[in-house]
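Here's a quick tour of a few helices and strands. Have a look at the structure first, then read on.

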Amino acid sequence: MAERVAIVATGQTRHTAKRLDVNLRELITEAVTRALEDADLRIQDIDAVFLGNMEPFEGFMFPELWSVEGWGGYGKPAIKFNTGGTVGTTTTMAAYYYLAAGLYETVLAIGFEKQSEGHTQAAITTVGDPIWERTMMAGAVGNFAVMASTYVHESGVTPEQAAKVAVKARRNACNNEYAHLQMPNITVEEVMQSQMLAHPIRKLDMCPQSDGAVAMVLASEAKAKKLASRPAWIKAVATAHEQQYMGDSPKRLAIMRSQVTASQKVYKAAGIANPRKDLDVAEIYEVATYAEMAMYENLGFCERGQGGVLIDQGVTSMEGELPVNPSGGVLSANPIGATAMIRVAEAALQVMGKAGKRQVPNVHTALATGYGGNAWTDALILSSR
Amino acid sequence: MAAESWAVHQKIEIPFQYTAGPAVTRFLEGLKDKLIVASVCSKCGRRSVPPLSFCGRCWRPIAEFISVSGEGTLLSFTRRAGGDVLYGMIQLEGTDSSLAHYVTGEVGRLRIGCKVAAVWRAGRTGSILDIEGFREVGN
Amino acid sequence: MVSVQKVEAVKEALRVPFRMKLEFDYAMGAHAERFFHALRDHARILGVKCPACKRVYVPPRPVCGICFVETRDWGEVSDEGTLVGCTVVDLPFIDPMTGERRPVPYGFAIIRLDGADTAMYHFLEETDPKRMYVGQRVKAVFREQRTGSLQDILHFRAVQG
């Protein structure tokens, strides 16, 4: 039987477009220092460090080697992960596996990215197959635009509904001191008039590119009870993969097979029959406005084709039945190697009752997701019990 | 089939801008004035070149920066295959770390442990190449 | 004797430029070679069928990702098809194949050719998003000089459905 595992502490940097005052290593130190302070731990109390980012964004091979002084890895076991957009959830889940197996008592998990140093869309384009894809591909923006066109065709969602997602995200972000884009006065019209990146995706429909880092301390049951008065217990984790090429599974955003599979697995494992009712909050890796609505459908928050209706009805707003991304989500901060772990950290803060101004009342059960490689999905359920 | 197996030749070219951070900025600025800046940890006393802003071993920020000698000891070196470019790891006097840089001198005369000294370039811009390399100054 | 002298903080942190240039030779694999031979020599587009689920893959995949079975049965598919997804890229992002900004706007789509069950990435001749839509009928425009690459198809052009 696996050990119970909990998240007991989190730390984040203020995510922003350009952190020119620190290098990547120093950025990591900020997040780690905050997580250790949150747990009232010293670096010596950490058994192992798991970390990850998206290496092509900074062009550093082995960033764990280069940055080790920044996260206290000297003399400790450490493992670096690189699974694209999901790296933050992969790293969290790996820490979970080790702790659940009883191999460690405390693990420090870190996600980081400094996108100001490179060219994100260029790096993402190298994800594409050199023979079949790269020449046409236009980074994440182009892929999400093509997928969004299919989703619009399938579901009938409108640019207005997409803009409402953007407004919700950037207004929620005003309650999050770590968010990159805080836009209290953003309007639907402003989103719909923002610069076109790739039809139908406009600048304010898309996540920003951010510099930022996040760290969490995860602990075994006995340790967690000592370190936190209300730990965020990891009830279930799942990953599901998808075929590599977008064209091999057409309608990839409208029908996200990996997201359906991963979410259904964690719902089943955590005893969640109706996610919209049984979840108290969700922090999802939404990337673009159209993607958030598609994800509502794929995560079972509504029926197929109802993603736009959900945003119209305010179901996923802070006051709604199931608040989605009180943090402002990926649309408000996207330091990619950190982004999926930020989802987990924000979900953990909600469960721990430590989310400050963005706290949803009485959170007992939270969903966090990661999405990577334009294909695969991680899902985690966190619980107060 | 094998004789005709196709491969696609492709280039990846991406520009980067690396943020130096406060410690390395001190180092790069110092080079303009022929100064080599080291960091000093207030706890373990470790002197590092290139300098660090944070001691990962003692887990504390570093606030002390000093300039150190441009002379040091060659810890290791190698020659790039097919060329005459030599590079190695140099431990500068009074520091506890080592710096990677070019080394000049006759291969036959270079020894691990030999003394080397920085050769400064004219028209320095705040780059690691403000030091042309390290020249052997005695065994 | 080591000269030790305190160094004061500098006002603005520096940024250090670096241009990464790497070159690769990607092996195509036998399935892609067969596809590109037909494309180069005959301007024909080939697909391959999964013996288990019968899906026809264009581009050809050596293994069906769903059945995990090797694909072997080849056949020609049409050079006409339907848009599954489409966009016009307006963002002048850095093209990793050149290190420079890619010229925009350009039409980019995933296209399912008649006779295929999967879809391929390609360019569209059209660059006005108002004149393209999911479900639109398109036809491949082949280059005169073909070298054995996906760019032997110049782009896809809208045709009357």
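## Strand S10 of chain C

Strand S10(C), residues 120-124, is largely enclosed by the rest of the structure, because five of its five residues are buried. Keep in mind that this is a predicted model.

The partner here is strand S9(C), residues 106-113, which runs antiparallel to S10(C) and is joined to it by five bridges. Across that pairing, Ala109(C) sits opposite His122(C). The hairpin leaves six residues between the two strands, and Gly115(C) takes a positive phi there, near 100 degrees.

## A three-stranded sheet in chain C

Chain C also has an open sheet of three strands, in the order S4-S3-S7, with antiparallel pairing. S4 (56-57) and S7 (73-77) are the edge strands, each pairing on one side only.

Strand S3(C), residues 45-49, pairs with S7(C) through five antiparallel bridges. In this pair, two glycines face each other: Gly47(C) stands opposite Gly75(C).

## Helix H1 of chain B

Over in chain B, helix H1 covers residues 21-32. Its twelve residues reach 17 Å from first C-alpha to last, close to the 16 Å expected at 1.5 Å a residue. Eleven of the twelve are buried, so H1(B) is largely enclosed by the rest of the structure. Among the buried ones are Arg26(B), Phe27(B), Leu28(B) and Glu29(B).

Methods
Residues are numbered from 1 along each chain as its sequence is written. Chains are lettered from A and ligands numbered from 1 in the order in which they are written. This is a predicted model: local features need pLDDT of at least 70, side-chain atom pairs count only at pLDDT 80 or more; totals for chains, interfaces and linings use all residues. Helices (H or I, at least four residues) and strands (E, at least two) are DSSP runs, numbered from the N terminus. The expected span of a helix is 1.5 Å times one less than its number of residues. A residue is buried if 20 or more other C-beta atoms lie within 10 Å of its own, exposed if 12 or fewer, and partly exposed in between; C-beta atoms are placed from the backbone. Two strands pair if DSSP finds at least two bridges between them.
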